[in-house]
Amino acid sequence: FDHSSMHLDKYSCANAAVKFGKYALQVAPTHVMPNDKICQIRVGVHTGDVASGVVGSRMPRYCLFGDTVNTASRMESTSLPGRMQISEETHVLLSDVERDCVWEERGRIDVKGKGKMKTYFL
């Protein structure tokens, strides 16, 4: 088993999620909501294993499950409008090789179901 390729796969997935989030943060303010306010979004990213599958028979949907999905959701919900928040695991993975982002340490925040987690803002 080649562990370097596993690191590359984790990196490429995390990097793709961050790139998508950066783009979403750029595009969101170009849209005006029905209430005439500028669209503001929060983005959250976490790295780890997930399970996936198709759920439903009448209207099937492809879904992701697991602690990683829940933690990414917490990264989003505890972020701020117009910001991307990532977990320490994602930061460690990306900071070794990704130079396109300047991350600001947010510190340790209380994350429901996880306790205190060190996070970073883009």
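The largest nonpolar core of this predicted model has 13 residues, and those with the most contacts inside it are V18, V43, V45, M84, I86, L94 and W103. A nonpolar core is a set of buried Ala, Val, Leu, Ile, Met, Phe, Trp, Tyr and Cys residues joined through side-chain atoms within 4.5 Å. Buried means under 20% relative accessible area, exposed over 50%, and partly exposed in between, with a 1.4 Å probe and protein chains only. Helix α1 gives the most to this core, four residues, while α1, β1, β4 and α3 each supply at least two.

The model is predicted, so local features need a pLDDT of at least 70, side-chain atom pairs count only at pLDDT 80 or more, and totals for chains, interfaces and linings use all residues. Residues are numbered from 1 along each chain as its sequence is written, and side-chain values use heavy atoms, with hydrogens and water left out. The protein chain averages a pLDDT (the predictor's confidence in each residue, from 0 to 100) of 91, and 93% of the residues score at least 70.

Helices (H or I, at least four residues) and strands (E, at least two) are DSSP runs, numbered from the N terminus. The table gives the elements with the lowest and highest mean pLDDT.

| Element | Residues | Mean pLDDT |
|---|---|---|
| Helix α1 | residues 3–27 | 83 (lowest) |
| Strand β1 | residues 43–45 | 98 (highest) |

Four strands form an open sheet with mixed pairing, in the order β1-β4-β6-β5. Strands β1 and β5 (104–111) are the edges, each pairing on one side only. Two strands pair if DSSP finds at least two bridges between them. Strand β4 (residues 84–87) and strand β6 (residues 115–121) run antiparallel and are joined by three bridges. I86 has Y120 in β6 as its bridge partner.

Helix α3 (residues 88–95) lies across β1, β4 and β6, at about 90 degrees to β4. Axes are lines fitted to C-alpha atoms, for helices over the stretch in contact, and angles run from 0 to 180 degrees between N-to-C directions. In α3, T90, H91, L93 and L94 are buried. These residues lie on the same side of α3, because they cover an arc of only 165 degrees around the axis. The arc is that of the directions from the helix axis to the C-beta atoms.

H91 counts as buried because its relative accessibility is 16%. Apart from neighbours within four places in sequence, H91 is in contact (heavy atoms within 4.5 Å) with I86, W103 and Y120. With the same exclusion, the contacts of M84 include V18, V43, V45, W103 and Y120.
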